[in-house]
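Reader: Please take me through the labels given to this model, and set each value against the definition that lies behind it.

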Amino acid sequence: MNVHTMRVQPNYFALLRSGNKRVELRLFDEKRRRISVGDKLRFICQTNPEETLPATVSEILHSGNFSDLLNQVPPSLLGSISKEHQLSDLRNFYNTPDEHKYGVIALVLK
């Protein structure tokens, strides 16, 4: 079992902390390829690094792009944020060439 650290925007960190968000979406880049089911995650609030939150990966969903991946995940597991809003935020974090180069994942959390 490994521990992986990830920074999260404050609004998404709050949703994770409240338990309303149970899935984290990321590029399937070199760093994320090391994550396996059962691994621990340590989320850090991007604006307040003193705030951290532990989680455990229970499942990993893969896709070639965020749009298709969002069709696999119920909005209720994403803090009830609409697919359109979620996709817009993801486009601000990640560029399309990297999305297609690496693929994307949904980390389902316990």
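**Salt bridges and exposure**

Author: The side chains of R17 and E51 meet in a salt bridge, at 2.4 Å from N to O. This is a predicted model, in which local features need pLDDT of at least 70 and side-chain atom pairs count only at pLDDT 80 or more, while totals for chains, interfaces and linings use all residues. Residues are numbered from 1 along each chain as its sequence is written, and side-chain values use heavy atoms, with hydrogens and water left out.

Reader: What makes the contact of R17 and E51 a salt bridge?

Author: The term requires a side-chain nitrogen of Lys or Arg within 4 Å of a carboxyl oxygen of Asp or Glu, and the N to O value for R17 and E51 is 2.4 Å, so the pair qualifies. In general, side chains of opposite charge can pair when their charged atoms come close.

Reader: Which parts of the chain does the pair of R17 and E51 tie together?

Author: R17 lies in helix 1 (residues 10-18) and E51 in strand 4, so the pair ties together parts that are 34 residues apart in sequence. Helices (H or I, at least four residues) and strands (E, at least two) are DSSP runs, numbered from the N terminus.

Reader: Why are R17 and E51 called partly exposed?

Author: Buried means under 20% relative accessible area, exposed means over 50%, and partly exposed is what falls in between (1.4 Å probe, protein chains only). R17 has 47% relative accessibility and therefore counts as partly exposed, and E51, at 28%, also counts as partly exposed.

Reader: How many salt bridges does the structure hold, and which residues are linked in a network?

Author: The structure holds five salt bridges, and K21, E24 and R26 are linked in a network of them.

Reader: How do you know whether K21 and E24 are buried or exposed?

Author: K21 has a relative accessible area of 2% and is therefore buried, and E24, with 7%, is buried as well.

Reader: What are the accessibility labels of E99 and R91, whose side chains meet in a salt bridge?

Author: The side chains of E99 and R91 meet at 2.3 Å, N to O. E99 is buried, because its relative accessible area is 1%, whereas R91 counts as partly exposed at 35% relative accessibility.

Reader: Why is R34 called exposed, and where is its place?

Author: R34 is in the loop between strand 2 (23-27) and strand 3 (40-45), and it counts as exposed because its relative accessibility is 55%.

Reader: What label does R32 receive, and which residues does R32 touch?

Author: R32 has its place in the loop between strand 2 and strand 3, and its relative accessible area of 7% is the reason why it is called buried. Not counting residues up to four places away in sequence, R32 touches M6, R26, L27 and I105, where contact means heavy atoms within 4.5 Å.

Reader: How do you know whether S36 is buried or partly exposed?

Author: S36, found in the loop between strand 2 and strand 3, has 38% relative accessibility and therefore counts as partly exposed. Leaving aside residues up to four places away in sequence, S36 touches V57 and I60.

Reader: What makes T56 buried?

Author: T56 lies in strand 4 (residues 48-63), and its relative accessibility is 13%, so T56 counts as buried.
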